[in-house]
Amino acid sequence: MNAKGLTTPKEKVQELQEKLGHAAKENSKRKFHALYDKIHRWDVLCEAWKRVKANKGAAGVDAVTLADIEEQGETSFLKACERD
């Protein structure tokens, strides 16, 4: 458990979303240039993957499907995303 009492990746991602949403509402002209470090966090990637799977996400512009990712291995896919 950390100082804020957040214990799960889901809670940590929720907090990040809330902070970003609040900042965007405070200043509609604000630009978020430095999110790269946030979206490459392991907890964020894992939570995003859970949400995509739960929504039965469609292939994106790269045409990679959920089945393709599961075939290569979810962990190796997420680690590649974390590195890139």
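In the predicted model, the largest pocket has a volume of about 170 Å³. Its lining comprises 13 residues, of which Gly60, Asp62, Val64, Ile69 and Phe77 are the closest to the centre of the pocket. Two elements, α3 and α4 (66-72), each contribute two or more residues to this lining. Classified by residue type, the lining of the largest pocket consists of 9 nonpolar, 3 polar and 1 charged residues.

On the α1 side, the contact is formed by Pro9, Lys10, Lys12, Val13, Gln14, Leu16 and Gln17, and on the α3 side by Asp43, Val44, Glu47 and Arg51. By class, the contact of α1 with α3 contains 4 nonpolar, 2 polar and 5 charged residues.

Among the α3 residues in this contact is glutamate 47. Glutamate 47 has a relative accessibility of 6% and is therefore classed as buried, the cut-off for that class being under 20%. When residues up to four places away in sequence are not counted, glutamate 47 touches Pro9, Lys10 and Val13. Pro9, Lys10 and Val13 are likewise among the α1 residues that meet α3.

Terms used
Residues are numbered from 1 along each chain as its sequence is written. This is a predicted model: local features need pLDDT of at least 70, side-chain atom pairs count only at pLDDT 80 or more; totals for chains, interfaces and linings use all residues. Side-chain values use heavy atoms; hydrogens and water are left out. Contact means heavy atoms within 4.5 Å. Helices (H or I, at least four residues) and strands (E, at least two) are DSSP runs, numbered from the N terminus. Ala, Val, Leu, Ile, Met, Phe, Trp, Tyr, Cys and Pro count as nonpolar, Asp, Glu, Lys and Arg as charged, and the others, Gly among them, as polar. On a 1 Å grid over the protein atoms alone, a cavity is a set of points where a 1.4 Å probe fits but cannot get out, and a pocket is an open set with protein on both sides within 12 Å along at least five of seven lines; lining residues have an atom within 4 Å of a point. Grid points are joined across faces, edges and corners, and a volume is the space filled by probe spheres set on the points. Buried means under 20% relative accessible area, exposed over 50%, partly exposed in between (1.4 Å probe, protein chains only).
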